[in-house]
Amino acid sequence: MNSDILLLILFGSFSMAAPLIAAAYGGLFSERSGVVNIGIEGMMTAGAFSGATVAYFIGNAGINGSITIGFIVAILIGGLTGLLHAYLCISLKVDQIISGVAINTITLALSLFLTAIYFDGAQETHTLLIRPIAYFSNRLTLVTIIRFLLVFAVNYLLNKTKWGLHVLAVGENPQAADAMGINVIKTRYQAVILSGAFSGLAGMVAVVNVTQRFTATTVGGLGFIALAVLIFGRHRPFGIIMAGLVFGFSKNLGAVISTIAPKLPAIYFDILPYVATIVVLLIFSRNKKVEMESLGIAYDKELR
């Protein structure tokens with residue numbers, strides 16, 4: 001195996017792992033606070049569409065920094081989608097699974113509808129002009145590098161700060177946290193909004209690293225794979241990095257196979273990450289240990 005193929009595998013795996021890790025961090029913030037967020041897929045979709053659309057029109061107008069602005073917009077829209085999930089689950093006490101499914105469905109439909117409006121009936125945005133950092137004969141984007149370095153910030157925020165300890169407290173025992181003076185509702189809102197912001201960021205990372213535009217398949221199940229990354233990583237920031245690399249490698253394998261052995265049916269390798277997701281969920285579903293005692297349970301102050 002020559003160096004070009006090795007670089008293709010390495011950089012491709014890093015690029016595919018980056019959105020998975022970002023989205024898994026989003027799930028981590030939410031679930032640490034006790035709120036299930038299977039709406040990561042929809043939040044990624046909202047971020048991918050809004051970021052790609054804004055970046056295209058700003059870049060087309062000749063304004064510098066269009067990709068950076070696209071990332072900011074994706075984070076904001078993702079955060080707003082997280083706010084919607086928080087309002088439904090925390091304030092209205094809607095079933096958290098149903099809320100996530102609704103967000104996944106609505107965001108994809110709305111994104112495709114708006115894409116058709118803004119791009120003359122097309123089902124995808126126009127391709128973005130992206131300037132990556134080049135390494136040898138392959139490309140590794142700056143956002144991928146930043147994404148991996150961000151693990152240290154996430155680990156510090158969750159495990160070394162007062163706010164992170166509050167999030168952990170309201171996730172494990174919200175009644176006891178409330179008795180200690182921690183505002184459970186406010187803390188959960190903050191965690192879920194941050195979850196949405198990270199998911200929106202992940203959606204834009206998928207645009208930059210994978211498709212260079214928004215399409216119906218830009219996210220295409222990455223949000224659900226990110227949940228498997230979260231579980232496989234044991235809800236730990238550094239564990240998520242390792243799990244993300246494993247799933248990123250499996251997601252990139254189809255592209256590598258089609259390059260080095262074009263006669264082999266790459267489709268069978270393309271489904272590997274989804275099969276791996278099912279396997280991980282089956283294995284860990286047998287583990288009766290619950291990470292957060294109140295996970296998925298709406299907090300009722302009257303039950304203190």
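Reader: In which hand does α2 pass α4 in their crossing?

Author: The model is a predicted one. In it, helix α2 spans residues 40–60. The crossing in which α2 passes α4 is left-handed.

Reader: Are α2 and α4 roughly parallel or roughly antiparallel to each other?

Author: Their axes lie 7 Å apart, and the packing angle is about 20°. Angles under 35 degrees count as roughly parallel. Therefore α2 and α4 are roughly parallel.

Reader: How many residues in the contact of α2 with α4 are charged?

Author: α2 brings residues including E41, F49 and F57 to the contact, and α4 brings residues including I103, L114 and Y118. By class, nine are nonpolar and seven are polar. The charged count is one.

Reader: What about α3 and α4: at what angle do they pack?

Author: Helix α3 covers residues 66–91, and helix α4 covers residues 96–118. Their axes are 9 Å apart. Their crossing is right-handed. The packing angle is about 150°.

Reader: Which residues of α4 make the contact with α3?

Author: On the α3 side, the contact uses T81, L84, H85, L88 and C89. The contact has four nonpolar, six polar and no charged residues. From α4 come Q96, S99, G100, I103 and T107.

Reader: Is S99 buried or exposed?

Author: S99 sits in helix α4. Leaving out residues up to four places away in sequence, S99 touches H85, L88, C89 and V94. Its relative accessibility is 2%, and under 20% means buried. So S99 counts as buried.

Conventions:
Residues are numbered from 1 along each chain as its sequence is written. This is a predicted model: local features need pLDDT of at least 70, side-chain atom pairs count only at pLDDT 80 or more; totals for chains, interfaces and linings use all residues. Side-chain values use heavy atoms; hydrogens and water are left out. Axes are lines fitted to C-alpha atoms, for helices over the stretch in contact, and angles run from 0 to 180 degrees between N-to-C directions. Helices (H or I, at least four residues) and strands (E, at least two) are DSSP runs, numbered from the N terminus. A crossing is left-handed if the near helix is turned anticlockwise from the far one by less than a right angle, and right-handed if clockwise. Contact means heavy atoms within 4.5 Å. Ala, Val, Leu, Ile, Met, Phe, Trp, Tyr, Cys and Pro count as nonpolar, Asp, Glu, Lys and Arg as charged, and the others, Gly among them, as polar. Angles under 35 degrees count as roughly parallel, over 145 as roughly antiparallel, 65 to 115 as roughly perpendicular and the rest as oblique. Buried means under 20% relative accessible area, exposed over 50%, partly exposed in between (1.4 Å probe, protein chains only).
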